[in-house]
Each structure stands twice: as structure tokens, then as C-alpha cells.
Protein chains: 2
Amino acid sequence: MRIVLDAMGSDDRPSPDIEGAIIAARDFPGDSIILVGDHNIIDQALSKHNTTGLKLEIVHASQIIEMSDKPAAVIKDKPNSSIHVGLDLVKSGAADAFVTAGNTGATLAIATLASLGRISGVKRPALGSILKVPQSIDKKIILLDIGATVDAKPEWMTQFALMGSIYAREVIGINNPKVGLLSNGEEDSKGNQVILDTHKLLLEMKTVNFVGNIEPKEALQGGADVIVSDGFVGNIAIKSLEAMGSTIASLIRAEAKRDMAALVGALLMRPAFKRLYRQIDPSEIGGAPLLGLKGVVIIGHGRSNAHAIRNAIRQARLAVESKLVQAIEDGIQAIS
Amino acid sequence: MRIVLDAMGSDDRPSPDIEGAIIAARDFPGDSIILVGDHNIIDQALSKHNTTGLKLEIVHASQIIEMSDKPAAVIKDKPNSSIHVGLDLVKSGAADAFVTAGNTGATLAIATLASLGRISGVKRPALGSILKVPQSIDKKIILLDIGATVDAKPEWMTQFALMGSIYAREVIGINNPKVGLLSNGEEDSKGNQVILDTHKLLLEMKTVNFVGNIEPKEALQGGADVIVSDGFVGNIAIKSLEAMGSTIASLIRAEAKRDMAALVGALLMRPAFKRLYRQIDPSEIGGAPLLGLKGVVIIGHGRSNAHAIRNAIRQARLAVESKLVQAIEDGIQAIS
């Protein structure tokens with residue numbers, strides 16, 4: 001397998017990206033990792049590590065897309081960006097998957113409009129967040145869309161449900177995955193107009209196992225395997241979860257410093273806190289699949305560390321291995 | 001001051017409601033608490049407590065609205081519900097505010113369509129969640145709407161911004177409160193169509209201090225005093241915050257049980273955890289103001305305990321004392 005990594009992706013590029021690639025090359029010795037970006041910068045970063053025997057390649061790309069770059073402009077303004085060059089390697093068949101911790105909107109725009117293109121019949125792509133269900137060993141769910149399509153129509157949302165189901169089945173390995181529609185109440189009558197209309201369409205849809213509306217708490221407890229939302233609401237939901245997580249983490253640190261007993265307690269609890277954190281740490285998953293494109297694309301968080309990059313590459317491997325793109329093509333064709 | 005409490009409101013009614021009323025009557029001895037609901041049930045619950053000298057009154061209401069009752073049906077089907085009777089006491093001037101931990105949709109429907117009515121010029125009411133900003137002593141923000149109006153138009157959202165600003169100024173006591181628009185990114189270009197359109201209107205609005213889009217994390221850190229969203233998105237945001245909070249709480253309990261050192265650590269950290277919890281515990285606020293009505297209405301969580309009910313009554317007192325309804329009337333008139 002050949003996986004392309006945008007070496008210019010993360011906020012702290014290129015260190016986390018390069019180090020993540022090296023860890024992945026060690027962990028998955030059968031695969032080649034193709035580092036795309038400025039040749040000199042990549043060479044310099046690689047020279048700090050012992051890479052003997054690792055299957056690492058470099059493909060030069062002269063331009064870098066910043067987080068502040070407008071998605072609408074990058075296709076024309078930066079045709080030689082690491083994202084564009086990397087995606088084209090997948091398009092041409094020179095590689096099997098593309099991974100980046102860079103600008104999501106730019107990746108989406110280039111992938112959809114200038115490189116891979118959408119799978120025939122797919123109305124809009126969806127970005128799926130893979131979440132571990134705390135306290136449930138190895139249980140994972142997919143929440144989609146979390147930001148690719150902010151004004152989703154009900155028909156598009158039914159495709160998200162289908163693509164999410166196919167991901168859950170093929171990549172996570174869940175038989176007949178349950179699909180929940182993220183809403184402000186479990187009752188059928190709850191939701192805004194888009195949710196109410198989507199709910200009706202999902203009830204009629206025979207290709208997904210729709211279990212009704214689901215609230216954030218039940219979603220986090222694994223009440224469904226696939227959680228469907230539009231990109232705006234899904235993004236706010238995921239960011240609210242993260243916001244409370246990081247708030248509590250800082251509160252624990254601050255309160256532990258306020259008395260000696262608490263400080264000792266915190267030291268004793270350190271392994272417990274570590275186990276806890278591993279259950280909600282996004283870097284354990286590493287990357288979100290961008291579904292609906294003619295190729296595997298995984299997008300990591302801008303703040304990714306090397307561990308997260310390694311795991312994003314792992315997500316790409318899983319998607320390629322399970323022939324996810326073909327499965328989505330077949331699934332969409334069956335309802336078109 | 002005379003405050004009406006729906007004695008049939010909470011999920012565990014009438015105990016939390018009655019006990020909360022008793023605590024409030026003790027804490028605010030100048031005020032009368034009017035308990036509305038089934039006379040026999042209230043009498044029986046009160047008889048378990050020593051209420052000598054407390055200003056508690058009972059007004060009978062023969063019907064109880066369940067959480068499962070449809071808001072559209074309760075006006076006709078249950079004209080003698082504790083919510084309807086209670087709201088009418090405020091409408092007639094016999095009381096100053098209404099507090100319930102009951103069905104939000106039903107309260108909204110009765111208040112808007114059959115009892116108090118909307119303030120002239122208010123397009124739609126908004127439910128505001130008052131949140132404490134962790135680690136900032138006494139700093140509070142208001143997030144609205146969190147569920148009264150799930151399909152909000154941009155013009156309505158600008159009224160939410162204004163009503164939230166007036167609440168922040170008059171009740172929380174913030175001079176020239178900063179207004180943020182909840183979105184999936186800070187940039188002006190981020191958001192769905194409703195957010196983009198609302199953003200433009202807020203930029204032109206001279207009566208609010210608009211500081212731009214805000215993400216959940218910055219909102220929770222107090223980056224603005226008033227956070228504006230439509231009722232669907234606000235509801236998902238608040239429920240996602242709560243979901244992560246309760247998830248981490250159960251994870252801490254579970255992990256602490258997995259080894260002896262962690263258990264001892266957890267015991268030593270108990271006071272720290274308590275301090276922490278007080279900073280994010282919704283029962284410390286107790287109730288959410290329903291803004292835009294011709295009267296003070298505070299809605300508590302169905303799972304309210306006595307402490308939360310007492311604090312919801314306190315929220316009602318603060319709103320009455322600060323003449324919130326008059327201030328909103330004046331504010332809306334100024335932009336109409």
C-alpha cells in the first residue's frame with residue numbers, strides 16, 4: 001500500500017508530520033509513505049532521525065496552504081500546494097490514500113473540484129469523526145458530517161447516513177449498524193425543519209438501519225453506530241464536546257494545585273487520568289475520513305502530534321484495506 | 001415580591017419542587033412563594049416539613065402536564081394545568097414571576113399563545129442558558145436560544161442578541177456586554193446561511209456590541225458575554241457540553257475503582273472535585289429565562305433537585321428586581 005502524507009499539514013509542521021510518518025513506516029513496514037511538500041524542509045526534518053530501512057519517499061510540492069487560506073482561492077492561487085500534489089498522486093493511481101492535518105476546507109475544495117472528484121451519484125461529501133465510546137472496549141461510532149457541508153439538504157443527509165453506515169460496516173466492522181439522527185430530543189417531533197424532513201426520508205430508506213433521533217448524551221454512550229447531522233451542527237457538537245473536555249482537564253489541574261491533599265491525590269490518580277484520557281483523546285483516532293470522493297482522504301486536526309499523524313495514516317490504511325471507496329460507490333449506485 | 005412555583009414541575013415532583021420552595025422561602029424571607037398544583041399533593045408534601053413562619057401559599061390546579069405531553073395539545077386539553085394556572089397568576093398581576101421545572105415546550109406554548117403573550121415587537125421568544133465561566137470568579141454568560149425557536153430567521157436572531165444583551169446588562173450586571181455568534185469558525189466567512197446572514201445584520205446593529213463569530217471553546221472561556229445561536233444549534237451545543245461533563249464524571253468514578261492508589265487519590269481529591277463540580281454544575285444556576293414574554297418565566301431542568309429549584313427561584317427574583325421585562329420592552333421598541 002502507498003499512502004501520501006502532506007508533510008506541510010499540521011500547525012507545527014513539519015515535525016509532527018515527519019515524525020508521525022516515521023512511526024507509521026516502522027509500524028506498518030509493508031507500506032510506503034510518500035511525503036509531499038518542500039523537498040528541502042522535508043530533507044532537513046528527516047535528517048534528524050534514523051530512517052534506515054524505512055519505506056519513505058519524497059515528492060516535491062513548492063507551495064504550502066495556510067490555515068487562513070480561503071478554500072475558494074487555493075485551486076487557482078496554489079496549484080502546486082502539497083495538498084493538491086498529494087491528492088493528484090491518488091487520482092493518478094500512484095498512491096492509495098491521502099492524509100493531511102492541513103486546511104480542511106482547502107482539501108475539500110481541491111479534492112472535489114480539481115482533483116479526485118465526487119463518486120458518481122454523491123450529492124455532497126461528508127467529513128466523519130470517529131469517536132471511541134468511553135467505557136466500552138473498542139466500541140467506535142462515526143458522527144457525520146462535521147463540517148464538509150454546512151447547509152445540508154435532507155436528501156444529502158440520507159446519503160451521509162448511507163456512507164456512514166458503509167464506513168461503520170466495512171471499516172469499523174459493525175454488522176447492520178444503527179443510524180441515529182442528531183436532534184434536540186428523541187421524539188420524532190423534535191428537530192428543525194431539515195431534521196424533520198430527513199427523519200421522514202430515513203424512515204423510508206431500506207438501505208440503512210434507522211433507529212430514530214438521538215441526543216448528544218446517548219450518542220456519546222453508543223446509542224447508535226452512525227450519528228447523522230449537517231456539517232454545521234455536527235461541527236458545533238464535536239467542538240462543544242472537546243471544549244468541555246479541555247475545560248474539565250484545566251479545572252482538574254487548577255484545583256489539584258489549590259491544596260496539598262488534592263495534589264497528592266492527583267499524583268496517585270495519574271495512571272487513572274491517563275487511562276481516562278486515552279478513552280476520549282482524539283489523537284488515538286488521529287483522522288477523520290472525507291467520504292464521497294473517488295479516493296481515500298483522511299483529515300487530521302491542525303494541532304496533531306506525531307502520534308495523531310501516525311494514527312491518521314492508520315485510518316487511511318484501514319479504509320484502503322476494506323475497499324471503502326468501492327463499497328460507497330456500490331451503495332450509492334444501489335439507491336440512485 | 002410574589003413568585004409562583006409550579007409544584008408539579010420536576011421529574012421527581014413534588015419533593016424537589018416543594019423542598020426548593022421551602023429553602024427559597026427561608027433564604028428570601030421578604031418574598032411569598034405561591035405553590036401551584038394539586039392541593040392535596042402539595043399539602044401532603046408540605047406536612048413533612050416545618051414551614052412555620054414561611055410565606056408559602058397554595059393555589060390549586062387540577063391538571064398536570066407530563067414531559068410527554070405535546071405542546072400543541074396542552075392549551076386545549078389541559079386548561080387547568082399547574083403551568084397554565086401559574087402563568088395566568090403572573091398575567092393577572094397576582095404574582096411577579098413564574099418558575100417551573102416542567103415541560104419547556106408546553107410552557108412556551110401556553111405562555112406565548114394562551115397566557116402572558118409576547119412583548120410587542122418580539123418576533124419569537126428565546127430560552128437563555130446562564131453559564132458560569134469556569135476559573136473566572138463569578139463571571140457568567142448567557143447562551144440563547146437553547147430550544148424555544150428551532151428554525152430561527154436571521155432577523156429573529158438579532159432580537160435574541162438584543163434580549164441577551166439586555167439580560168447580561170440588567171441581570172448579570174455587565175456593562176456593554178460583548179455579543180458573539182456561535183459558529184464553526186471565528187472567521188466572518190464561517191457558518192451556514194442563517195449564520196452568515198445574521199452576521200451581516202449584527203454588524204449593522206448599533207444597539208448590540210457584536211464581536212463576531214465565536215466557537216464553543218472560546219464561548220466557554222468567556223470570550224463573549226452573550227452567545228447567540230438558533231434554538232436547535234444552541235440546544236445541541238448545551239447538551240454536548242453536558243454529555244461530555246457527565247461522561248468524564250463517570251470515567252473518573254470508573255477509573256478510580258480500578259486500582260487502590262487511584263481510589264485513595266480520588267478520596268484525597270474529593271474536595272477539589274467538589275470545587276470543580278460547583279463551577280460547571282447547572283443546578284448552581286437553576287433555571288433558564290424565557291425571554292420576550294410579558295412576564296418573567298424561568299424554566300428549570302426536569303431533573304432539578306431542591307437546590308436547583310431554589311436557585312431557579314433566585315433567578316426569577318433577579319429578573320424581577322432588575323425590571324428585565326420593562327428593559328426588553330424598551331429595547332425592542334427602540335429598534336422597531
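Is Glu170(B) buried or exposed? A residue is counted as buried if 20 or more other C-beta atoms lie within 10 Å of its own. Glu170(B) has 20 C-beta neighbours inside 10 Å, and therefore it counts as buried. Please bear in mind that this is a predicted model.

Where in the chain does this residue sit? Glu170(B) belongs to helix α6 of chain B, which covers residues 154-172. Leaving aside residues up to four places away in sequence, Glu170(B) touches Ser322(B), Leu324(B) and Ala327(B). Consider Ala327(B) in particular: 157 residues along the chain lie between its position and that of Glu170(B), counted as their separation, yet their C-alpha atoms are 7.9 Å apart.

Let us turn to the sheet. In chain B, 11 strands form an open sheet with mixed pairing, in the order β3-β2-β1-β4-β11-β10-β5-β6-β9-β7-β8. The edges are held by β3 (56-60) and β8 (209-214) of chain B; each has a single partner strand, so one side of each has no neighbour in the sheet. On average, neighbouring strands of this sheet are turned by 25 degrees against each other, with direction ignored.

Strand β4 of chain B, residues 97-100, pairs with strand β11 of chain B, residues 296-299, in the parallel sense over 4 bridges. Within that pairing, Thr100(B) has Ile299(B) of β11(B) as its bridge partner. Strand β2 of chain B, residues 32-37, also runs parallel to its partner β3(B), and 5 bridges join the two. Here Leu56(B) in β3(B) stands opposite Ile33(B). Together with helix α2 of chain B, residues 39-46, the strands β2(B) and β3(B) make a right-handed β-α-β unit.

Finally, how are the two chains related? Chain A is superposed on chain B by a rotation of 180 degrees, with 0.0 Å of shift along its axis and an RMSD of 0.0 Å. This is the relation of a two-fold axis. Which residue of chain A comes closest to the rotation axis? It is Gly265(A), whose C-alpha lies at 1.8 Å. Moreover, 100% of the interface residues of chain A are also interface residues in chain B, so the copies meet through the same surface.

Technical notes:
Residues numbered from 1 in each chain as written. Chains lettered and ligands numbered in written order. Predicted model: local features only at pLDDT ≥ 70, side-chain atom pairs only at ≥ 80, totals over all residues. Least-squares fit on C-alpha atoms with pLDDT ≥ 70 in both. Contact = placed C-beta atoms within 7 Å. Buried ≥ 20, exposed ≤ 12 C-beta atoms within 10 Å, placed from the backbone. Pairing = 2+ DSSP bridges. Axes fitted to C-alpha atoms, helices over the stretch in contact; angles between N-to-C directions. Right-handed = clockwise from strand over helix to strand, strands pointing away.
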